[in-house]
Amino acid sequence: MAHFLKVALIGNPNTGKTSVFNALTGLNQKVGNYPGITVEKKEGSCRLNRTTKAHILDLPGTYSLNASSMDESVVIELLLNRNNKDFPDVAVVVTDVENLKRNLLLFTQIKDLEIPTLLVVNMSDQMKRKGISIEVEQLQADLGTQVILTSMRHQEGVAALKEALVNYRQLPTTPLLDLETIDADYFSRLQKTFPTESLYKLWLVITQDVNFSSLERKRIQAASDFKVQSDAVLKRLQQKETIKRYQIINQTLKQTYQVDNDAATDLRSRIDRILIHKVWGYVFFFALLFLIFQSIFDWSSVPMDFIDSSFAQLSQWVNAELPPGLFTSLLAEGIIPGLGGIVIFIPQIAFLFLFISLLEESGYMSRVVFLMDRGLRRFGLSGKSVIPLISGTACAIPAVMATRNIENWKERLLTILVTPFTTCSARLPVYLILISLVIPERSILGINAQGLTLMGLYILGFAMALLSSWILKSYFKTTTKSYFVVEMPNYKMPHLKNVGITVLEKTKSFVTEAGKIILAFSVLLWLMASFGPGEPFTKADTIVREANINNPLTEEALEAEIASYRLEHSYIGILGKAIEPVIRPLGYDWKIGIALISSFAAREVFVGSLATIYSVGSEEETPIKNKMAQEKRANGQVVFDLATGISLMLFYAFAMQCMSTLAIVKKETNSWRWPLLQLGLMTVIAYVTAFAAYQILS
Amino acid sequence: MQFLDSLEPGEHATIVDFETEKLPLKLIEMGCLPGNKVCLLHRAPFNCPLYLEIDGCHMAIRREVASLIEIERP
């Protein structure tokens, strides 16, 4: 039987840790969550040699073991708890050859936990260009570890890393820093109280505010008695500790690490001169955004049309080939249109994740943070709010989680509250179908009018986010001083394999997560539309025929009349009718009402719901867009005219119609107050603007 | 006394001291330590934030934080 080795990958952000993870595991990886919290958990497996396999855990990027965010707490909790099922046999600290000094700080901390630790010096292909030389032998001796130089871009060092992992038992586990040199009295007292424990582990227990397993809690509570010292004293000790660690690192690197500054051709400063220029920097950023949104619209339209018509044909085929009955009807009118409503998403989502991951991988995102900080502070936000606001265009859920690296609580809370205004990909199918129905396919100044409308909707989302943050900011008192530290990484050519895996993984998990909800709702809708209470539903056939007895209708028209009467008296029809008075001033009928209700689970259900509603009882299977275009009001006017279309788009732009986002906001803010505020505020704004738009345009 | 926020773009200096109570630990962990060299690379429009190189590490911080760090010009 193969032996399973547990490996944890640890490292600072921007060190290529994910590349190492991808190189080891390939596509044998899965992304989940740590139990109870929303921190992403990436794990995978790989074969090290014929007899040994490894289970690899990619821990969240962290600068040190002094946690300042929930992501970082995960790392400490795991490494302090030997009883955790993921507790590693061996830790691999991944560092970037150019920032070795800063990266080694984390290494010395991990090493002091007395876990066998390997040091990977990544991006070694940059050494020659940057004039860096490393004395590997000496470095290994000084740090008490094995050093592996890797270059994931050229697939170098992977075999050496695997071999080193197999032989992890040979790694020394002696700590590097003697804490008693910081404060002899305090630390010797601590050690005497817990003679069997590692001193650094005790120190982390005292300084870090993290959860521990119940087994360890007793011991830890006793250790917390050492907290008698004031916070200021603790902080001073932590600073001293950091300084001591840097002394050790400097001492080591002085003899083992040389940089020939003349050889370092500085690409960074040349690119920075343009990308963070007072004028060109902003021009470039906004031009880039424009390009991204235009291309999402243009590039995804062909595969989307294809998917749409394929699903319509599939439904038709099922209807024609399978024997008629409840099951066929469920399949053709419930499940297939519902699934089509999610599959149609894949092109845009993939493009969005592609662009976002390119921005992050290249190092450009930090420049945007730098450029936008001053401007966004006016609205009560931080430069770091840019990342949630931009990734909010994919999905608000990861975006809300991405606010974690905003240090200031007020700025973070405001970002969380306004991020759901940004146009997430779930709104995209709603917009796309409405735009193609109500906006003519013309070009204005050489730009596609439909594309321009879409761009306008994105801008509207951002503008509303800023405006509401600006209004909300005066309601929050600020007590903490704003502090903001952002690393400005080197520019890097995005690693195609990383980008590819990210796009694949994110699209996959998005589609499966959203797919489950959409499928469930499609089936539910189908059920509610296929059954109804009492005679009007069950005897629809006779009722309509009798009512039209003196009315010379073709059989076809009569059938349509019956289907519509039946839907009106089904459970879903009754529900839609019930809310019709509220939404009529916005220009919506009861069928749109049904789609609105079901959209509360997730916006993307809108298209699927309409597809299901319009499919039930209809014989021909045409693409959903044609069905919507054919829908008529009682007075013969088309339902989806300009006024209703714009009103719907505005409603979807501003309304909080996403239970998952509310759940995540509750989790991240630890209170129901904020999600409820969000829900109330956004619904009011959506209703008022949609009302105004419809009344003006119609 | 001179502070980090008074540097001009392109100017080099050495960190002498900082306000222990107020300076975030994260900044110290990123290499902002007494004795280390610092260079101001760029200032964003309206003079904030500041793009610095401290001991080979590149980062951006706001003016208020920079004003807590005492420097010495060569």
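Two strands count as paired if DSSP finds at least two bridges between them. Strands here are DSSP runs of E of at least two residues, helices are runs of H or I of at least four, and both are numbered from the N terminus.

What you see above is a predicted model, where local features need pLDDT of at least 70, side-chain atom pairs count only at pLDDT 80 or more, and totals for chains, interfaces and linings use all residues. Residues are numbered from 1 along each chain as its sequence is written, and chains are lettered from A and ligands numbered from 1 in the order in which they are written.

I'll start with a hairpin in chain B. Strands β4(B), residues 50-54, and β5(B), residues 57-61, pair antiparallel over 5 bridges. There are 2 residues between the strands, and D55(B) has a positive phi near 50 degrees. Along β5(B), M59(B) is the bridge partner of L52(B), and I61(B) lies opposite L50(B).

Now the other neighbour of β5(B). Strand β12(A) pairs with β5(B) in the antiparallel sense over 3 bridges, with V486(A) opposite A60(B). In β5(B), 4 of the 5 residues are buried, meaning 20 or more other C-beta atoms, placed from the backbone, lie within 10 Å of a residue's own.

Next, the whole sheet. This open sheet has 7 strands with antiparallel pairing, in the order β12(A)-β5(B)-β4(B)-β3(B)-β2(B)-β6(B)-β1(B). Its edge strands, β12 (485-487) of chain A and β1 (2-3) of chain B, each pair on one side only.

Last, helix α10(A). Buried residues in α10(A) include E241(A), R245(A) and I249(A). Among the elements covering the buried residues are α3 (100-111) of chain A and α1 (25-29) of chain B.

Notes. Buried ≥ 20, exposed ≤ 12 C-beta atoms within 10 Å, placed from the backbone. Contact = placed C-beta atoms within 7 Å.
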